[in-house]
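Thanks, everyone. Let me put the structure up and talk you through it.

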Amino acid sequence: TTTIRTGVLMIFSPIGGMLRDRMGKSASKLITRFSVGCIALSIVLMFLPQGKEYALWGMAAAILLLMFNALMSNYLYTLVTTAGVPIMYVGSVYGIASAIGYSSDLWLGTVCGSWLDAMGNEGYRYIWLLGAVGGLMMLLMGIAISKKYKAY
């Protein structure tokens with residue numbers, strides 16, 4: 001999974017960056033679209049029956065989810081540019097945004113691991129639900145930013 005995740009990021013993150021560059025100030029529209037893709041695929045994975053006969057479908061949906069996520073992995077920088085943050089504060093904004101964005105590294109593994117320990121394979125449904133909620137948060141942020149800066 002690490003190889004797939006890293007490979008997908010290496011391929012699709014630059015593609016997302018090129019799309020962002022082409023869209024300019026309206027790039028927040030892409031956050032909305034990619035977030036919808038992430039949410040939809042998380043829900044597919046949440047309800048996909050478990051078993052060998054569904055393994056390929058699950059892997060395909062997971063890879064597509066990673067692709068959508070990778071396409072928007074660098075959009076933090078777009079938001080700072082779109083908001084017109086003065087150059088004097090850009091480092092602080094990136095630092096705070098990175099701290100918030102990576103703060104889930106402190107608790108996410110523990111929470112997901114405890115769900116799997118307590119519920120077995122059924123815990124994956126809650127993990128995908130958590131992913132869908134995260135996608136919903138991205139979607140709402142994309143909509144809020146596009147409205148604030150009139151990208152639509």
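Start with Phe68. Phe68 is partly exposed, at a relative accessible area of 26%. On the cut-offs: buried means under 20% relative accessible area, exposed means over 50%, and partly exposed is in between, with a 1.4 Å probe and protein chains only. Phe34, by contrast, is buried, at 8%.

Before going on, the ground rules. This is a predicted model, where local features need pLDDT of at least 70, side-chain atom pairs count only at pLDDT 80 or more, and totals for chains, interfaces and linings use all residues. Residues are numbered from 1 along each chain as its sequence is written, and side-chain values use heavy atoms, with hydrogens and water left out.

Why pick those two phenylalanines? The structure holds 2 aromatic pairs. Phe34 and Phe68 form one that is tilted, at 6.2 Å centre to centre and 55 degrees between the planes. The criteria: rings of Phe, Tyr and Trp (its six-membered ring) pair if their centres lie within 6.5 Å; planes under 30 degrees apart are stacked, over 60 edge-to-face, and the rest tilted. Phe34 sits in helix α2 (residues 28-47) and Phe68 in helix α3 (residues 55-71), so this pair ties together parts 34 residues apart in sequence. Helices here are DSSP runs (H or I, at least four residues), as are strands (E, at least two), and they are numbered from the N terminus.

Next pair: Trp115 and Tyr126. They are tilted, with 6.1 Å centre to centre and 55 degrees between the planes. Trp115 is in helix α6 and Tyr126 in helix α7, 11 residues apart, and the pair links distant parts of the chain. Trp115 is partly exposed, at 24%. Tyr126 is partly exposed too, at 40%.

That brings us to the packing of α6 on α7. How do the axes of α6 and α7 cross? They come within 8 Å and cross at roughly 150 degrees. Axes are lines fitted to C-alpha atoms, for helices over the stretch in contact, and the angles run from 0 to 180 degrees between N-to-C directions. α6 and α7 are therefore roughly antiparallel.

Which residues meet? On the α6 side, Leu108, Cys112, Trp115, Leu116 and Met119; on the α7 side, Gly123, Tyr124, Tyr126, Ile127 and Leu130. Contact means heavy atoms within 4.5 Å. Leu108 is partly exposed, at 31%. Leu108 and Ile127 are 19 residues apart in sequence and 9.5 Å apart in space, C-alpha to C-alpha.

Now helix geometry. α6 has 12 residues and reaches 16 Å from first C-alpha to last, close to the 16 Å expected at 1.5 Å a residue. That expected span is 1.5 Å times one less than the number of residues. After α6 comes Gly120, with a positive phi near 65 degrees. Helix α7 (residues 123-148) has 26 residues, which should span 38 Å; its end C-alpha atoms are 38 Å apart, which agrees. Its buried residues are Gly123, Ile127, Ala132, Gly135, Leu139, Gly142, Ile145 and Ser146.

Ser35 is buried, at 0%. Leaving out residues up to four places away in sequence, Ser35 touches Met72, Gly135, Met138 and Leu139.

At the other end of α2's partners is α1. The axes of α1 and α2 come within 9 Å and cross at roughly 140 degrees. That makes α1 oblique to α2. Leu19, Arg20 and Met23 in α1 meet Lys29, Leu30 and Phe34 in α2.Gly16 is found in α1 (residues 2-23). Gly16 counts as buried, at 0% relative accessibility. With residues up to four places away left out, Gly16 touches Leu71, Asn74 and Tyr75.

Overall picture, quickly. The protein has 7 helices and 0 strands. Of its 152 residues, 30% count as buried. The C-alpha atoms fill a box of roughly 50 × 30 × 30 Å along the principal axes. Among contacts with a separation of 6 or more, 70% come from residues 24 or more positions apart.

Last, confidence. pLDDT is the predictor's confidence in each residue, from 0 to 100. The protein averages 85, and 93% of the residues score at least 70. Where pLDDT is low, the predicted coordinates should not be read in detail.

How values were computed: Parallel < 35°, antiparallel > 145°, perpendicular 65-115°, else oblique.
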